Amino acid sequence: MVSPEVAGKSVRPWVPRLARLMDSLFRVPGTKIRFGLDTLLGSVPIVGDTLTLIVGLGMVVEALRLRAPIGLVGKMVWNLIVDWVAGLIPGIDLALDTMVKAHTKNAKLLDEHAAAIDRAE
């Protein structure tokens, strides 16, 4: 049984938009490679990656609003930490930022959680 406070709640529309903005807004011409502001901001050492980490925490707050299980919240935080650490590795940081796509992973986790809540009602 889903508690009344959570029932009927869904992921807010800004979540998938934020994931697209951060991870796949742009495409490298002639390829299927997509990247977003995470990659661009990540080109500023430490500060850029820290900003994208802070932005990503918004989705973690959304997970808490939806009363997501601690395991799911932990996965989301882990995705952000991996993205942040990958951005700190000189020389390969931009390639890793392009591949990790933490915001997209977290948006998908949230969407799956909201769908599970809907099915449980």
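Me: What pattern does the protein chain follow, read along the sequence?
Reply: This is a predicted model. The protein chain has six helices and two strands. Read along the sequence, these elements give the pattern α-β-β-α-α-α-α-α.

Me: What percentage of the 121 residues in the protein chain is buried?
Reply: The C-alpha atoms fill a box of roughly 50 × 30 × 15 Å along the principal axes. A residue counts as buried at under 20% relative accessible area. Of the 121 residues in the protein chain, the buried share is 37%.

Me: Are α1 and α3 roughly parallel or roughly antiparallel to each other?
Reply: The axes of α1 (residues 14-23) and α3 come within 11 Å and cross at roughly 155°. The crossing is left-handed. Angles over 145 degrees count as roughly antiparallel, so the relation of α1 to α3 is roughly antiparallel.

Me: Is V44 buried, partly exposed or exposed?
Reply: V44, one of the patch residues, lies in the loop between α2 (37-42) and α3. Its relative accessibility is 42%.

Me: What is the phi of I46?
Reply: I46 is found in the loop between α2 and α3. It is exposed, with a relative accessible area of 53%. Most residues other than glycine have a negative phi. I46 is not a glycine, yet its phi is positive, at about 60°.

Me: Where is R67 found?
Reply: R67 is another residue other than glycine with a positive phi, near 55°. Its relative accessible area is 52%. The place of R67 is the loop between α3 and α4 (70-86).

Me: Is R67 buried or exposed?
Reply: Exposed means over 50% relative accessible area. R67 has 52%, so R67 counts as exposed.

Notes
Residues are numbered from 1 along each chain as its sequence is written. This is a predicted model: local features need pLDDT of at least 70, side-chain atom pairs count only at pLDDT 80 or more; totals for chains, interfaces and linings use all residues. Side-chain values use heavy atoms; hydrogens and water are left out. Patches are made of residues with over 30% relative accessible area and no salt bridge: like charges are joined within 9 Å, nonpolar side chains (Val, Leu, Ile, Met, Phe, Trp, Tyr) within 5 Å. Accessible areas come from the Shrake-Rupley method with a 1.4 Å probe; for residues, only the protein chains shown count as cover. A salt bridge is a side-chain nitrogen of Lys or Arg within 4 Å of a carboxyl oxygen of Asp or Glu. Helices (H or I, at least four residues) and strands (E, at least two) are DSSP runs, numbered from the N terminus. Buried means under 20% relative accessible area, exposed over 50%, partly exposed in between (1.4 Å probe, protein chains only). Axes are lines fitted to C-alpha atoms, for helices over the stretch in contact, and angles run from 0 to 180 degrees between N-to-C directions. Angles under 35 degrees count as roughly parallel, over 145 as roughly antiparallel, 65 to 115 as roughly perpendicular and the rest as oblique. A crossing is left-handed if the near helix is turned anticlockwise from the far one by less than a right angle, and right-handed if clockwise.
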